[in-house]
Amino acid sequence: ISVGMTRVQVRALLGTPMVADPFQNSRWDYVYYLKKGRLRKPTQRHFIVHFDGADKVEKIDRPSQPAKS
C-alpha cells in the first residue's frame with residue numbers, strides 16, 4: 001500500500017477492511033494475525049489507511065504494538 005492509491009486498489013490488495021466507520025468515511029482499519037512456525041503464538045498487527053477527498057490514500061498509520069508479557 002502506498003500514498004496515492006485509490007480505494008479500489010487498496011480493497012483489491014487487502015480485501016474488505018475490518019472496520020469501515022460509517023461516521024468517518026476517510027478511514028479504514030485492518031487487523032491481522034501473523035503466525036511464524038507451528039509452535040509460536042500468533043502476533044497481532046493493526047494499521048489504518050486514511051483517504052483524502054479524492055478517495056486516494058493520504059497516509060498510513062501503524063499504531064504501536066501492545067507490550068509483550
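The chain contains 1 helix and 4 strands, where helices (H or I, at least four residues) and strands (E, at least two) are DSSP runs numbered from the N terminus. Read from the N terminus, these elements follow the order α-β-β-β-β. The radius of gyration is 14 Å, well over the 11 Å given by the globule rule for 69 residues, so the chain is more spread out than a compact globule; the radius is taken over C-alpha atoms, and the rule is 2.2 Å times the number of residues to the power 0.38. Along the principal axes, the C-alpha atoms fill a box of roughly 45 × 20 × 20 Å.

The structure is a predicted model, in which local features need pLDDT of at least 70 and side-chain atom pairs count only at pLDDT 80 or more, whereas totals for chains, interfaces and linings use all residues. Residues are numbered from 1 along each chain as its sequence is written, and side-chain values use heavy atoms, with hydrogens and water left out.

Of the 69 residues, 19% count as buried (under 20% relative accessible area, with exposed meaning over 50% and partly exposed in between; 1.4 Å probe, protein chains only). The largest nonpolar core has 8 residues in all, namely M5, V10, W28, Y30, F47, V49, F51 and V57. Such a core is a set of buried Ala, Val, Leu, Ile, Met, Phe, Trp, Tyr and Cys residues joined through side-chain atoms within 4.5 Å. Strands β2 and β3 (43–51) each supply at least two residues of this core, and the largest share, 3 residues, comes from β3. Apart from residues up to four places away in sequence, W28 touches R7, V10, R11, P17, V19, A20, F47, I48, V49 and F51, contact meaning heavy atoms within 4.5 Å.

Strand β2 (residues 27–34) also holds D29, which counts as buried because its relative accessibility is 9%. The side chain of D29 forms a polar contact of 2.8 Å with that of R27 and another of 3.0 Å with that of H46. A polar contact is a pair of N or O atoms within 3.5 Å; within protein, one must be able to donate a hydrogen and the other to accept it, and residues adjacent in sequence count only if both atoms are side-chain atoms. Beyond its neighbours within four places in sequence, D29 is in contact with P17, M18, V19, H46, F47 and I48.

In helix α1 (residues 7–14), L13 is exposed, with a relative accessible area of 57%. When residues up to four places away in sequence are not counted, L13 touches I1 and M5.
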